[in-house]
Amino acid sequence: MAGRASRMDDNENEGHIPNENCLRHAVCRFLYSDRESRACPWHTCSAVSSPPTVRDRAVVHSELTINMAASALVIEDVVKYFPVPQTGARAFLNPFSPLTHPALLGVSFQVEPGEVAALIGANGSGKSTLLRILATLLVPTRGRARVAGYDVERQGSHVRAQLGFHSATDGGFYDRLTARQNLQFFAAMNNLFDTEASGRLEELTELMGMATFIDSQVRTLSTGQVHRLGLARAMIHRPSVLLLDEPTRSLDPMAAADFRRFLKTQLVERHGTTILFASHTLAEVEQLADRVVLLDRGKMLACDSPRGLRAATRAATLETALERLTPPGFLAEVSS
Amino acid sequence: MNSQRMLRKVLAFFRRDYAIARSYRMAFGLEILEAFFGVATFYYLSRFVSSRELNQALPPGSDYFGFALVGFAFFDYLTVSMSAFDSSITEAQRNGTLEAMLVTETPLTMILIASAAYPFVLLALRTVIYLAWGVLLFHFPIHEANWLGAATILIVSILAFAGLGVISTSYLLLFKRGNPARWLIVGASSLLGGMMYPVSVLPLPLQWLARLLPVTYSLEGMRQALLAGASFVQLWPAVRALLLFAVILLPLSSVVFAWALRRTKITGTLTHL
């Protein structure tokens with residue numbers, strides 16, 4: 001499927017041959033610069049005099065059509081509205097209130113296999129909603145999302161076979177079972193045979209440093225240990241796509257650094273796992289992400305590599321780049 | 001999902017629930033003791049209320065103790081059917097495992113069914129304990145029982161009750177609190193279903209209403225099989241009625257549940273308590 005934005009007509013007029021499968025480069029071209037986009041014969045506009053407005057970016061992104069087949073994650077014009085919570089007599093009289101509260105407003109981007117993408121935004125920007133749509137826990141109001149080529153709405157079971165999901169906001173374990181028993185249970189839920197599950201469990205125990213507590217009841221574990229267990233659960237069936245909601249939130253700085261190293265070296269470089277994670281830590285984003293998706297109140301403000309964002313805004317740091325791309329006060333909300 | 005995979009998952013749920021139950025060491029011992037108190041209470045109550053008039057109202061060959069014990073022990077299959085699915089969802093919501101399970105390759109329908117495996121096995125065990133206390137200490141008459149017939153009645157009863165249980169769970173998914181479906185079904189069934197007294201003592205309009213409840217056929221069939229040793233031909237009307245309930249309620253509950261599940265995925269309240 002062709003990946004074309006309205007601005008790209010100019011390039012065609014200049015005699016460039018657009019690569020039909022190259023939406024990524026189209027996106028990069030729109031966002032002015034990217035280390036890979038330089039290799040794209042279609043990419044011609046690395047120098048732009050001034051960054052576009054937030055509105056410009058949102059408009060042009062929504063005009064893109066996306067290469068659905070090749071990407072690990074495809075989010076195409078996803079809109080999500082929730083009903084406004086009601087209480088008392090109003091809730092009783094109108095149990096099915098209309099969906100009027102916006103959470104996502106036409107978000108479109110894609111993540112290639114083996115790529116690490118970060119979702120950045122303040123609380124309520126739509127990061128978790130987007131992750132939950134991809135994890136098939138929510139149905140989008142409009143638009144389409146695909147994981148490894150499978151539609152999240154129509155092919156939920158195929159999608160779940162491809163992904164691991166972990167949210168740092170909840171424990172989600174059986175307190176009276178041991179860490180091992182919990183992982184064995186979730187391995188069975190993911191269709192792993194007992195022997196396969198045992199092997200994988202040993203592997204993860206070593207990788208995640210869980211040997212000291214794997215046979216302890218979960219109720220006796222520290223927050224950090226439960227968090228590591230959660231990550232092990234998300235990875236137990238070797239998913240090709242990992243969705244992580246604030247993956248290092250309850251880890252101490254050393255453990256967080258270890259975990260980031262683990263993600264980068266073991267999962268991405270060794271196994272080619274695609275990762276989409278939501279984070280409030282810019283250093284983490286800069287260290288891990290090949291691509292940054294900037295969300296503000298449900299709208300996508302930008303989608304580019306950290307380097308691309310810095311180049312586009314002529315900023316020395318990602319923080320400054322984000323400051324220039326976002327409304328005033330955005331960054332304070334993100335890091336709060 | 002193939003049957004082997006399904007079975008493995010049911011086993012995984014069973015192992016999980018058993019391991020959790022085992023971690024509360026005293027609970028099972030207390031269950032045995034509780035069953036003894038229940039059976040003893042019925043025995044002495046039956047000696048107190050027993051009369052020629054009452055015995056005439058009971059099914060042939062049974063006394064009030066046998067009648068009440070079967071009613072009490074097997075009515076639990078309705079209450080467990082109505083609560084097992086609900087509890088599996090609320091428990092998973094409470095400890096946060098629902099979201100973790102929903103992102104696995106196991107669909108929620110399978111999670112519901114598999115979660116009910118342990119409660120039903122436990123209930124079967126409890127029923128055995130009830131009957132064993134009755135037989136060992138209080139002369140509960142099982143010499144004529146048609147065990148295969150009783151098992152058939154039990155299986156079709158569980159199928160019919162499960163449909164009601166899934167409808168009740170759909171309500172819980174949507175509205176989270178105060179489950180009128182469960183309240184209405186269990187309340188009406190305990191009043192009209194013939195748990196502690198025969199349906200024949202009710203006024204005629206209530207007897208008609210009782211015919212609309214699966215538990216009425218379930219308890220009648222169970223008493224015929226256990227107390228009167230009824231043959232399969234004699235049990236057929238009860239089996240047929242329960243099958244009809246199952247055939248109507250199971251597909252209906254699946255449709256209602258699928259709709260409720262989709263609705264909660266739209267509103268984002270799937271994991272809300």
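This is a predicted model: local features need pLDDT of at least 70, side-chain atom pairs count only at pLDDT 80 or more; totals for chains, interfaces and linings use all residues.
**A guided tour of the model**

Residues are numbered from 1 along each chain as its sequence is written, while chains are lettered from A and ligands numbered from 1 in the order in which they are written. Chain B averages a pLDDT of 84, and 95% of the residues score at least 70. For the complex, the predictor gives an ipTM of 0.78 and a pTM of 0.76.

**The contact between the chains**

Next, display both chains. The contact takes 27 residues from chain A and 27 residues from chain B; two residues are in contact if their C-beta atoms, placed from the backbone, lie within 7 Å. On the side of chain A that touches chain B, β1 (73-83), α6 (156-162) and α7 (179-189) of chain A each supply at least two residues. Select α7(A), which gives the most to that side, with 5 residues.

**The sheet of chain A**

Now select the strands β6-β7-β8-β3-β9-β10 (chain A): in this order, 6 strands form an open sheet with mixed pairing. Two strands pair if DSSP finds at least two bridges between them. At the edges stand β6 (163-167) and β10 (299-304) of chain A, each with a single partner strand, so one side of each is left without a neighbour in the sheet.

Within the sheet, strand β3 (residues 116-120) and strand β8 (residues 274-279) of chain A pair in the parallel sense over 5 bridges. Select Ala118(A), which stands opposite Phe277(A) in β8(A).

**The nonpolar core**

Finally, turn to the largest nonpolar core, which has 161 residues; Ala118(A) and Leu294(A) are among those with the most contacts inside it. Such a core is a set of buried Ala, Val, Leu, Ile, Met, Phe, Trp, Tyr and Cys residues joined through C-beta atoms within 7 Å, a residue being buried if 20 or more other C-beta atoms lie within 10 Å of its own. Helix α4 (residues 64-95) of chain B gives the most to this core, with 17 residues.

Methods: A residue is buried if 20 or more other C-beta atoms lie within 10 Å of its own, exposed if 12 or fewer, and partly exposed in between; C-beta atoms are placed from the backbone. Helices (H or I, at least four residues) and strands (E, at least two) are DSSP runs, numbered from the N terminus. pLDDT is the predictor's confidence in each residue, from 0 to 100.
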